[in-house]
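Student: I have the file open and a few things to ask. Can we start with the pocket and then move on to the rest?
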Amino acid sequence: MQHFYPLYLANKAHEGSDDALELINKYSQEPVAEVARADEALLEEAIAAGIKAIPEMQALKPYQKQRILLDCVAKFTQRFDEFTEALIAEGGKPEAAAKAEVKRLIATFQFAADAVTTMPEGEVIPLDVTEASAGYRGFTKRVPIGLCGFISPFNFPLNLVAHKIAPAIAAGCPFILKPASYTPIGALLIAEVLAQTELPEGAFSIMPMSSKIADKLVTDERIKLLSFTGSDKVGWDMKARAGKKKVVLELGGNAAVMVEPDADLDKALPRIITGGYSQAGQVCISVQRVLIHQDIYASVKDKLVELAKQVKSGDPSEADVVVGPMIDKGELERIQQWVKEAVDAGATILCGGETKGLVMEATILENVSHEAKLYKDEAFGPVMILESYEDFEKGMALANDTRFGLQVGVYSSNINKALQAWDTLEAGGVIINDVPTFRVDNMPYGGVKDSGFGREGVKYALEDMTELRLMVVKD
């Protein structure tokens, strides 16, 4: 890895302000690198350059945008190991998870390249539907919304960046991205690749910066769309202050998975473990609440506890480690306090709960009060809660008993229950016979309630980054 990573201002590497950011290996706590940061003046330059680039970005033809995106796919593939190394060091990701994320980065740009030449531009609308409108025809097309502002989180420093910038390129929108201060290197490596493409000058700026400086992405009316991924509290506050711009929010979750008596437990239980503990549970669709039908609760509990005890935690550079470090000491202390609060109120720890450094063991609790933070808020750590229910309807009611609504999993071989769950569960996605942690990068992904609104997935993000324009023609 490099000792110093520049930011990218209007497509070009820049050493930034005097306020460099020091990054720490999340497991060893040793320094990794320094990263340039932007100040207010550099952000203003980026906004001005992005506005200037709007005509050229809008004029890009589909074949040109596809060529740019495929160039990125090729270069990302060539630098696969470099991206993987960065994810392990700056994000504390286990090796297998890091490699999987690099593959998703590549796939998301490939999906964007495909969408450029396959998505219909618009439609023909019959307007001669009344005598007064006889002789009129309507045509629609989608046009780029303009300069976009993106703010990405620490937990997927490549893939969640890709879900913002790949659709922006496909849509023809210049953009400014603030990566998470914990994990900016991945985004800057992407910027290094983008700088080698045919994107017009000023088309992109990728700039680590403080939240105070980045607030201009929220409030400045020259930016026409804000896409934020992060906590619900921060996201809804941004929306309240965003003024006239379009806002897309992908916020937190409190994901439940239901396990019915007719479920294939040999398939379900290992997946629940993976869904709960991958990347130390720092995933917004991580399995947090496991809702188990009372007829199988005792046996499923015993099996899950036994599987959780086999989950290896520790140094993410070791190939068989699943649970690596929490992102920082404050987050570790928060989840420890939430577990303690739940236990003090009557919960029982069935396994785990111990910590070493910033690593917390895979942990399972039961009898957790619905008023405990661990139950009603987003855990964002390697902790799962077990709870029983009497029948399918009551299980769905428990799954809906949350202010969040990102994704829900349901294990059942009964198609009628699957359809009932799809109709009833209040979430952006209902995943049948798999965990709510499932995501493929071309599907519509997003939530309801406090989990936000708008959808990621290239095709669906393109709709947010473009506006419908109508032309009416009279014969």
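Student: Which element gives the most to the lining of the largest pocket?
Tutor: That is α9, with six residues. Keep in mind that this is a predicted model.

Student: What is the volume of that largest pocket?
Tutor: The largest pocket has a volume of about 960 Å³. The elements that give two or more residues to its lining are α7 (211–214), β11 (225–229), α9 (232–241) and α12 (329–344).

Student: How many residues line the largest pocket, and which lie nearest its centre?
Tutor: The lining has 38 residues, and those nearest the centre are Phe154, Phe228, Gly230, Ser231 and Val234.

Student: And how many in the lining are nonpolar, polar or charged?
Tutor: The lining divides into 17 nonpolar, eight polar and 13 charged residues.

Student: Changing topic. How many residues of helix α6 are buried?
Tutor: Nine of the 10 residues in α6 (residues 185–194) are buried, so the helix is mostly covered. The buried ones are Ile185, Gly186, Ala187, Leu188, Leu189, Ile190, Ala191, Val193 and Leu194.

Student: Salt bridges next. How many are there?
Tutor: The count comes to 29 salt bridges. One of them joins the side chains of Arg271 and Asp434, at 2.8 Å from N to O.

Student: Where do Arg271 and Asp434 lie?
Tutor: Arg271 is in helix α10 (residues 265–277), while Asp434 is in the loop between β22 (429–432) and β23 (448–449), so the pair ties together parts 163 residues apart in sequence.

Student: Is Asp434 buried or exposed?
Tutor: Asp434 counts as buried, because its relative accessibility is 14% and the cut-off for buried is under 20%. Arg271 is partly exposed, at 33%.

Student: Which residue does Asp450 meet in a salt bridge?
Tutor: Asp450 meets Arg403, with 3.0 Å from N to O. Asp450 sits in the loop between β23 and β24 (452–453) and Arg403 in the loop between α14 (392–400) and β20 (404–405), 47 residues apart. Asp450 is partly exposed at 25% relative accessibility, and Arg403 is partly exposed at 33%.

Student: Which residues are linked to Lys216 in a network of salt bridges?
Tutor: Lys216 is in a network with Glu44, Asp220 and Arg222.

Student: Last one, on the surface. Which residues form a nonpolar patch with Ile415?
Tutor: Leu419 and Trp422 do, and the three together have about 370 Å² of accessible area. Ile415 is in helix α15 (residues 415–424) and counts as exposed, at 57% relative accessibility.

Note on methods
Residues numbered from 1 in each chain as written. Predicted model: local features only at pLDDT ≥ 70, side-chain atom pairs only at ≥ 80, totals over all residues. Heavy atoms only, no water. Patch = residues over 30% accessible without salt bridge, like charges linked within 9 Å, V, L, I, M, F, W, Y side chains within 5 Å. Areas by Shrake-Rupley, 256 points an atom, 1.4 Å probe, with all protein chains shown as cover. Salt bridge = Lys/Arg side-chain N within 4 Å of Asp/Glu carboxyl O. Helix = DSSP H or I, 4+ residues; strand = E, 2+ residues; numbered from the N terminus. Buried < 20%, exposed > 50% of the residue type's maximum accessible area, 1.4 Å probe, protein only. 1 Å grid on protein atoms, 1.4 Å probe; cavity = no way out; pocket = protein on both sides within 12 Å on 5 of 7 lines; lining within 4 Å. Points joined across faces, edges and corners; volume = space filled by probe spheres on them. Nonpolar A, V, L, I, M, F, W, Y, C, P; charged D, E, K, R; others polar.
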